[in-house]
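This report describes selected parts of a protein model, with the cut-offs stated where each term is used. Please keep the sequence and the structure at hand while reading.

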Amino acid sequence: MVRKKNIVVLDYGSGNLRSAERALARVGAEVTVTPDFDAALNADGLVVPGVGAFEACMSGLKSVRGEQIIGRRLSGGRPVLGICVGMQILFARGVEHGVETEGCGEWPGTVERLDAPVLPHMGWNTVKAPAGSVLFASLDAATRFYFVHSYGVREWELRTGDGFAEPIVTWAEHGVPFVAAVENGPLMATQFHPEKSGDAGAALLKNWLDTVE
């Protein structure tokens with residue numbers, strides 16, 4: 001019998017915890033929703049969801065030492081998947097209503113308000129995944145995912161030097177282009193909600209789960 005992979009959905013007071021739990025269980029994971037430091041640190045894979053304001057999510061994350069969990073997992077090459085604001089807080093900073101909040105700093109860059117005639121960006125949208133993507137493997141270019149956000153990363157700032165693989169950055173557009181997903185070794189993230197994206201989201205989560213050892 002193949003052992004189910006143990007995935008922790010980090011509970012820090014923000015995110016669609018039960019939706020994420022159900023979606024991951026659907027694709028074959030053994031899922032635990034918990035704020036526990038050791039459980040999150042030692043799981044096969046960690047999912048960091050997030051909804052609402054950047055500042056509130058960072059405050060909640062720090063309350064469970066989530067930024068330490070993420071950093072320690074990544075230093076050991078252990079998989080982390082951020083979702084929605086759980087992706088945004090991986091960047092260096094967020095700016096909302098003139099307030100700048102420090103993020104986890106795993107990637108340089110700023111989360112800022114999208115320049116679009118209608119906000120929030122709510123509903124189904126396509127993405128532009130580059131060749132070599134693992135998350136979007138086997139998914140058609142016309143596949144749509146479910147977004148709910150008014151803020152995003154409009155410029156990818158990380159520049160890698162010799163000997164380092166370039167992260168795979170997927171883009172989408174709503175008024176302006178913005179980062180829709182990132183694949184950077186053990187650290188991956190999506191701006192959209194795979195847990196709310198039906199069969200397409202399930203396929204993406206299965207692709208991610210397949211990277212978890």
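Gln88 lies in helix α5, which covers residues 85-88; helices (H or I, at least four residues) and strands (E, at least two) are DSSP runs, numbered from the N terminus. Because its relative accessibility is 3%, Gln88 counts as buried, where buried means under 20% relative accessible area, exposed over 50% and partly exposed in between, with a 1.4 Å probe and protein chains only. When neighbours within four places in sequence are left aside, Gln88 is in contact (heavy atoms within 4.5 Å) with Phe54, Val111, Tyr151, Gly152 and Gln191.

## Basis of the values

The model is predicted, and for that reason local features need pLDDT of at least 70 and side-chain atom pairs count only at pLDDT 80 or more, whereas totals for chains, interfaces and linings use all residues. Residues are numbered from 1 along each chain as its sequence is written, and side-chain values use heavy atoms, with hydrogens and water left out.

In helix α1 (residues 17-26), the buried residues are Leu17, Ala20, Ala23 and Leu24. Seen down the axis of α1, these buried residues fall within an arc of 135°, so they line one face of the helix; the arc is that of the directions from the helix axis to the C-beta atoms. Arg22 and Arg26, on the other side of α1, are exposed. The buried residues of α1 pack against the strands β1 (6-10), β2 (30-34) and β3 (45-48), and also against helix α6 (198-211). Gly28, which follows α1, has a positive phi, near 105°.

The axes of α1 and α6 come within 9 Å and cross at roughly 70°, where axes are lines fitted to C-alpha atoms, for helices over the stretch in contact, and angles run from 0 to 180 degrees between N-to-C directions. The two helices α1 and α6 are therefore roughly perpendicular to each other, a class that spans 65 to 115 degrees, with angles under 35 counted as roughly parallel, over 145 as roughly antiparallel and the rest as oblique. Ala23, Leu24 and Arg26 of α1 meet Gly198, Asp199, Ala202, Leu205 and Trp208 of α6.

## The sheet of four strands

An open sheet of 4 strands has the order β6-β5-β7-β10, with mixed pairing; two strands pair if DSSP finds at least two bridges between them. Its edge strands, β6 (99-102) and β10 (151-153), each pair on one side only. On average, neighbouring strands of this sheet are turned by 20° against each other, direction ignored. Strands β5 (residues 91-96) and β7 (residues 107-113) pair in the parallel sense over 3 bridges, and Arg93 stands opposite Thr110 in β7. Helix α3 (residues 54-63) packs on the sheet, where it touches β5, β6 and β7, and its direction makes about 30° with that of β6.

Strand β12 (residues 176-184) is mostly covered, as 7 of its 9 residues are buried. Strand β11 (residues 168-174) runs antiparallel to β12 and is joined to it by 7 bridges, with His174 opposite Val176 in β12. The hairpin of β11 and β12 has 1 residue between the strands, and Gly175 takes a positive phi near 80° there.

β12 also pairs with strand β13 (residues 187-190), in the antiparallel sense and over 4 bridges; in β13, Ala189 is the bridge partner of Val182. The hairpin of β12 and β13 has 2 residues between the strands, and Gly185 in its turn has a positive phi of about 65°.
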